[in-house]
Amino acid sequence: MKVAILMGGRSSEREISLRSGRGIAQALRNLGHEALSIDAADGRLLPAGNEELGAPALESLAPADETVLARPETLATAEVVFLALHGAAGENGTIQALLDLAGRPYTGSGMLASALAMNKAMSKRLFEREGVPTPAWQLLAPSAGPADVDVEVLGGFPIIVKPNEEGSSFGLTVVRSVTTLPGALREAGALGEILIEKFIEGRELTVAVLGDESLPIVEIRPKSGLYDYQSKYAAGASEYFCPAVLPDDVARRVAELGVRAARILGCRGVSRADFRLSDDQVPYCLEVNTIPGMTPTSLVPMAAKAAGMSYEQLVARMLDLAVAQRRPPGVPTRA
């Protein structure tokens, strides 16, 4: 099967996307598929096996209105599009809507689920309506100042300040006193609307959802105490435990909430629900990622490995789910 892997793009997560895309492309080639690695920023075909080296730096890209659609010939012969984009237009439903209009099957969630998941405030409104616990929160304009933050309603300090529509913890700050609040608001506000959230003391957990089933839970223990960009991507900055060591009833509850959160948003394919488990064993859903990282050491491949799946088997399953979304009932999967 000829598969186009969209990676890179123009978001702040371009580097991580290129790493994910390279791993996926190699796995697809190992599985016998014809894999085309495409930089979504401008539609260029990247060299097989050297995708990161062949992609230009974000600051050297041509004007922002030039996208993958500027070179539609790179997608013309692809039977399926494998999305390895993170942040901005890759996860907010834009590229999904365009692929829907073009009639192209693609991996992961559709336009609406992607848009809802990227907008953390919208996700939290749905979680609250459907009974999925989520930390108390407040949505503010990018220009908001300390006087706009209702710390009392949030339960007092510490609080989380982060952009409402970013990933990989870009712009995220744990604010423990009013003195550091102005800087945190400026940092998050530079990226758009600001989400203020009660900080839940406890453990960091994540649930990967593949199809309709949860994979083993991963616990993350950042050495810095905060699972920020550095803790996520710097070697040795965090410790991971999979399956997480939890009481059976708590593990079942977290897994069930992970699947429910994904279903509430309408996610499909693979997604990942992130949680904080409070000291009194209450899981709080923070957000759902519709295109989670797929580097060989990312959290979803880690969970799949604990379930007995290799990286290549995980990629194959994701491809099968994408094809099944577009296949009429009773038509077998193509080799």
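**Reading a domain interface and some backbone details**

Tutor: The rule asks for a side-chain nitrogen of Lys or Arg within 4 Å of a carboxyl oxygen of Asp or Glu. Before going on, note that this is a predicted model, where local features need pLDDT of at least 70, side-chain atom pairs count only at pLDDT 80 or more, and totals for chains, interfaces and linings use all residues. Residues are numbered from 1 along each chain as its sequence is written, and side-chain values use heavy atoms, leaving out hydrogens and water.

Student: Into which domains is the chain divided?

Tutor: Domain bounds come from an automatic or database domain assignment. Here you get domain 1 (2-107), domain 2 (136-198) and domain 3 (201-323).

Student: How much area do domain 2 and domain 3 bury between them?

Tutor: Interface size is often given as the accessible area lost when the parts come together. Buried area is what two parts lose that way, with a 1.4 Å probe, summed over both. For domain 2 and domain 3 that's about 660 Å², 49% of it on carbon and sulfur atoms. In contact terms (heavy atoms within 4.5 Å), 9 residues of domain 2 meet 9 residues of domain 3. The rule finds 1 salt bridge across this interface.

Student: Which residues of helix 5 are buried?

Tutor: Buried means under 20% relative accessible area, exposed over 50%, and partly exposed in between (1.4 Å probe, protein chains only). Helices (H or I, at least four residues) and strands (E, at least two) are DSSP runs, numbered from the N terminus. In helix 5 (residues 111-118), the buried ones are Ala-113, Ser-114, Leu-116, Ala-117 and Met-118. Their cover includes helix 9 (248-265) and strand 13 (283-289).

Student: And Gln-281, why does it count as partly exposed?

Tutor: Because its relative accessibility is 33%, Gln-281 counts as partly exposed. You'll find Gln-281 in the loop between strand 12 (270-278) and strand 13.

Student: What should I look for in the backbone?

Tutor: Most residues other than glycine have a negative phi, and most peptide bonds are trans. Gln-281 has a positive phi, near 70°. The peptide bond from Phe-157 to Pro-158 is cis, with omega near 0°; Pro-158 sits in the loop between strand 4 (137-140) and strand 5 (159-163). The bond from Cys-242 to Pro-243 is also cis, its omega near 0°, and Pro-243 lies in the loop between strand 11 (238-241) and helix 9.
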